[in-house]
Structures are given as C-alpha cells and as structure tokens.
Amino acid sequence: MIKFLPLGGAGEIGANCYYLNITGTGIVLDCGMHPQKTGLDSLPNFNLIEDKPVDYALISHAHQDHLMSLPFLVKKHPYLKIITSRQTRELAELTLHNSVSIMMNELDENHQFQFYTHEEIDLLTQTIDFRTVGETFEIAGYNHKSNNQIKISFHDAGHILGSVSILIEYNN
C-alpha cells in the first residue's frame, strides 16, 4: 500500500516536502523552507509524520525551498538516510552553511526558533549519500512489509546544477 502526505509546498511555492509510505518504508521527498516566512512558520509540518516511519530523504536539488529544512528533519529523525545527486550534495554543504548565518538573524526575541550550527551541518553533509544520474538503486526501510523492492532512479531535471527528477518504482 502507498500513502502520500504533503508536509509543505502543496498549493504554493516554498517548504516543498512530501511524505510517502510504501508498505512500511517512509520516504521524505525534498525538505524545504518557505522563503517568505520566518521561524517555525517556514518549516514543513513535521508533526504529521511524528509517529510514522521515516527511513529516507530524497532531495531533488539544493534550492532553499527544497533543502533548507533538512537539518530540522534530521534532528527529529537522526537515523534518516539522505540520498541525492553528487552535485546537489556538494551544493547542499555550501547552501546549508550559508543558512546558519541567515537563521541567526531570524531568531525571534524569545529564541523559540531552534537553529543548527556549522558543526551540525558538517556532520549532516558527511552523511548524505549520492547516486549517479540514471543509476537505479533499491531502498527498503526497517519496517518494509513486502518482498517487492522499491526502485529509485534520478534523472537530469535541467533546473540547476545537480537537479534531478526522482522516479520511484514499486510493484511495476
């Protein structure tokens, strides 16, 4: 069974983040911030997946509205496996480090907006795995309840350097 849940970005540009549950394997597609909002309002609604399996994050490209909430997702789901293209991984490191400085300026007076550090970004980007465009690979979460494999492949999207469209195949 496949379940789809928009966490952000549905019906608007920004905070692009979608959750797929394919027979017990939880996949987050992109993890962006809303560029016109600040603080917690700029994040996808991660509370919607609080009690769901979250095994993988597949990132299409390194724009703010597709990537910048990744550190917040990793704080909630520290064993998450992140996969993207090689170029997006490299750009993500630069972009996420730049966002640390930007977020420090967006702290509200009560410091309720929990941001991340350069050290946390270093650790996060070291864990990002990458795949070659056109390569097909298989994923399965800890709670995957099927003998059928989930096949993933990245295809050049032509949007920015490293941007990919993501093909997810399950049960043909």
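Predicted model: local features only at pLDDT ≥ 70, side-chain atom pairs only at ≥ 80, totals over all residues.
Let's start with serine 60. You'll find serine 60 in the loop that runs between strand S4 (56–58) and helix H1 (64–67). Is serine 60 buried or exposed? Its relative accessible area is 9%, and because anything under 20% counts as buried, serine 60 is buried. Its side chain makes a polar contact of 2.9 Å with the side chain of histidine 61. Leaving aside residues up to four places away in sequence, serine 60 also touches Asp30, His66, Thr88, Gly162, Ser163, Val164 and Ile166.

Now for the nonpolar cores. The largest one has 27 residues, and the members that touch the most others are Leu70 and Leu73. Strand S2 (17–22), helix H2 (70–76), helix H3 (86–106) and helix H4 (118–127) each give two or more residues to this core. Take leucine 73 as an example: setting aside residues up to four places away in sequence, leucine 73 touches Val28, Cys31, Phe46, Ile49, Ala57 and Leu80.

Next, have a look at the strands. Strand S8 (residues 150–156) pairs with strand S7 (residues 136–139) in the antiparallel sense, over 4 bridges. In that pairing, threonine 136 stands opposite serine 153 of S8. S8 also pairs with strand S9 (residues 164–170), again antiparallel, over 7 bridges. Here lysine 151 has glutamate 169, in S9, as its bridge partner.

That leaves the aromatic rings, where the count comes to 3 pairs. In one of them, phenylalanine 72 and tyrosine 116 have ring centres 5.2 Å apart and planes at 70°, so the pair is edge-to-face. Phenylalanine 72 lies in helix H2 and tyrosine 116 sits in the loop between H3 and H4, so this pair ties together parts that are 44 residues apart in sequence. Phenylalanine 72 is buried, with a relative accessible area of 9%, and tyrosine 116 is buried too, at 1%.

Another pair takes us back to the strands. The rings of phenylalanine 137 and phenylalanine 154 have centres 5.6 Å apart and planes at 75°, so this pair is edge-to-face. Phenylalanine 137 belongs to strand S7 and phenylalanine 154 to strand S8, 17 residues apart. Phenylalanine 137 is buried at 6% relative accessible area, while phenylalanine 154 is buried at 0%. Finally, which residue lies over the face of phenylalanine 137? That's arginine 131, at 4.7 Å from the ring centre.

Terms used: Residues numbered from 1 in each chain as written. Heavy atoms only, no water. Buried < 20%, exposed > 50% of the residue type's maximum accessible area, 1.4 Å probe, protein only. Polar contact = N/O pair within 3.5 Å; in protein donor to acceptor, adjacent residues only side chain to side chain. Contact = heavy atoms within 4.5 Å. Core = buried A, V, L, I, M, F, W, Y, C linked by side-chain atoms within 4.5 Å. Pairing = 2+ DSSP bridges. Phe/Tyr/Trp six-rings, centres within 6.5 Å; stacked < 30°, edge-to-face > 60°. Lys NZ or Arg CZ within 6 Å of the ring centre and 35° of its normal.
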